[in-house]
Amino acid sequence: MYFVDNKEITDPRVNIALETYLVENKLVDEPILLFYINEPSIIIGRNQNTAEEVNQSYIDEKGIHVVRRMSGGGAVYHDLGNFSFCFIKDDDGSFRDFGKFTKPVIDALHKMGVSGAELQGRNDLLIDGKKFSGNAMYAKNGRMTAHGTILFDADLDAVTKALKPRKEKIESKGIKSVRSRVTNIKPYVSAQYQNMTTQEFRDSLLLEIFGVSSRDDVKEYHLTDKDWEGVYKIRDERFGNWDWNYGHSPQFSMACHHKFPFGLVEFKLNVSNGHIDDIKIFGDFFGLGDIVDVEAALRGTKFDKEHVQNVFDTIDVKKYFGNISSEELTQLLVFGTVE
């Protein structure tokens with residue numbers, strides 16, 4: 001097995017592109033192990049509806065990345081307190097065999113003091129009944145990756161807030177995440193690892209998996225300039241653009257409403273390929289204009305804060321609704337609530 005060093009890149013768009021590149025391009029004749037640490041981000045499963053999984057107002061406020069990965073499964077939160085491991089190899093029929101790919105990690109963690117770590121259910125690693133690692137797989141053209149996260153010293157409060165379901169009603173065919181009680185494993189590791197940073201613990205785990213005492217003894221494949229060009233090409237085409245991360249969501253319908261001092265405003269809409277396909281506006285407000293003008297202006301708009309705000313800014317919203325700002329209407333339509 002070879003190790004690939006990601007050069008301490010923390011941009012999730014690059015790291016997931018790197019993993020994808022290693023799956024889609026066979027560089028060596030042996031399996032590859034890749035580690036990466038991402039700055040705060042939500043990593044969405046391939047078949048999920050992003051709008052159902054993220055607390056958009058919170059992640060906008062905190063500058064959290066949202067990236068859709070190639071594998072299925074649920075949404076997970078990443079930050080500098082956790083890291084991902086990826087076993088990349090030819091698919092020899094072991095796809096969906098999570099036990100095979102998590103065993104080296106579990107065995108290494110046992111040696112590092114996390115004696116209660118175990119695989120439970122289909123694809124989760126738990127300790128004391130709490131999840132510290134979720135795992136997924138992706139295969140293409142006879143190659144595959146089995147990857148998972150390790151919560152070492154992550155911000156668990158941010159995990160809860162970033163993945164908090166939206167308040168409005170959303171119906172779609174996207175795969176929903178199943179929330180579990182989560183924990184960091186730092187409290188469980190042996191004393192010698194207690195004061196380590198996430199990077200130091202990751203590096204210690206690497207040595208345990210390879211069964212060596214020095215980083216110099218880890219067999220490594222060094223990425224070439226051509227390799228990195230391929231990585232960034234994938235980043236630009238997929239993980240670095242809105243159409244992939246949001247627009248790739250399954251078609252969905254949603255409804256939200258709010259009682260303002262001037263009356264009730266209710267939106268019901270369909271979203272397809274990340275754009276408002278159709279919308280109806282209801283309420284008991286007293287508007288001077290025909291609300292169908294507003295509906296027509298919103299149809300075809302990209303379903304995000306910036307583009308919806310731009311539409312409302314071009315409309316005399318007080319004429320159509322009452323004493324309200326375009327910002328408040330945007331908050332309700334995009335986030336399902338008005339603060």
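How many residues line the second largest pocket, and which of them lie nearest its centre?

A: The model is predicted, so local features need pLDDT of at least 70 and side-chain atom pairs count only at pLDDT 80 or more, while totals for chains, interfaces and linings use all residues. Residues are numbered from 1 along each chain as its sequence is written, and side-chain values use heavy atoms, with hydrogens and water left out.

The second largest pocket is lined by 21 residues, and those nearest its centre are Q56, W242, Y246, F303 and D304. On a 1 Å grid over the protein atoms alone, a pocket is an open set of points where a 1.4 Å probe fits, with protein on both sides within 12 Å along at least five of seven lines; a lining residue has an atom within 4 Å of a point. The volume of this pocket is about 320 Å³, a volume being the space filled by probe spheres set on the points, which are joined across faces, edges and corners.

Several elements contribute to the lining. At least two residues each come from α2 (50-53), α3 (56-62), α8 (242-247), β13 (263-272) and α10 (305-313). Helix α8 gives the largest share, three residues. Helices (H or I, at least four residues) and strands (E, at least two) are DSSP runs, numbered from the N terminus.

The wider setting is as follows. The protein has twelve helices and 14 strands, and its C-alpha atoms fill a box of roughly 75 × 40 × 30 Å along the principal axes. Of its 339 residues, 53% are buried; buried means under 20% relative accessible area, exposed over 50%, and partly exposed in between, with a 1.4 Å probe and protein chains only. Among contacts (heavy atoms within 4.5 Å) with a separation of 6 or more, 70% join residues 24 or more positions apart.

Salt bridges, in which a side-chain nitrogen of Lys or Arg lies within 4 Å of a carboxyl oxygen of Asp or Glu, number 22 in the structure. One of them pairs K26 with D90, with the closest N and O atoms 2.8 Å apart. This pair links distant parts of the chain, since K26 is in the loop between α1 (12-24) and β2 (32-36) and D90 is in strand β6 (residues 82-90), 64 residues apart. K26 is partly exposed at 47% relative accessibility, and D90 is also partly exposed, at 32%.

A further salt bridge joins K219 to E30, whose closest N and O atoms are 2.9 Å apart. K219 lies in the loop between α6 (198-210) and α7 (225-239) and E30 in the loop between α1 and β2, so the pair ties together parts 189 residues apart in sequence. K219 has a relative accessible area of 35% and E30 one of 29%.

Within helix α7, E237 and K233 are four residues apart, which means a separation of about one helical turn. Their salt bridge has its closest N and O atoms 2.6 Å apart. Finally, D278, K280, E295 and R299 are linked in a network of salt bridges.
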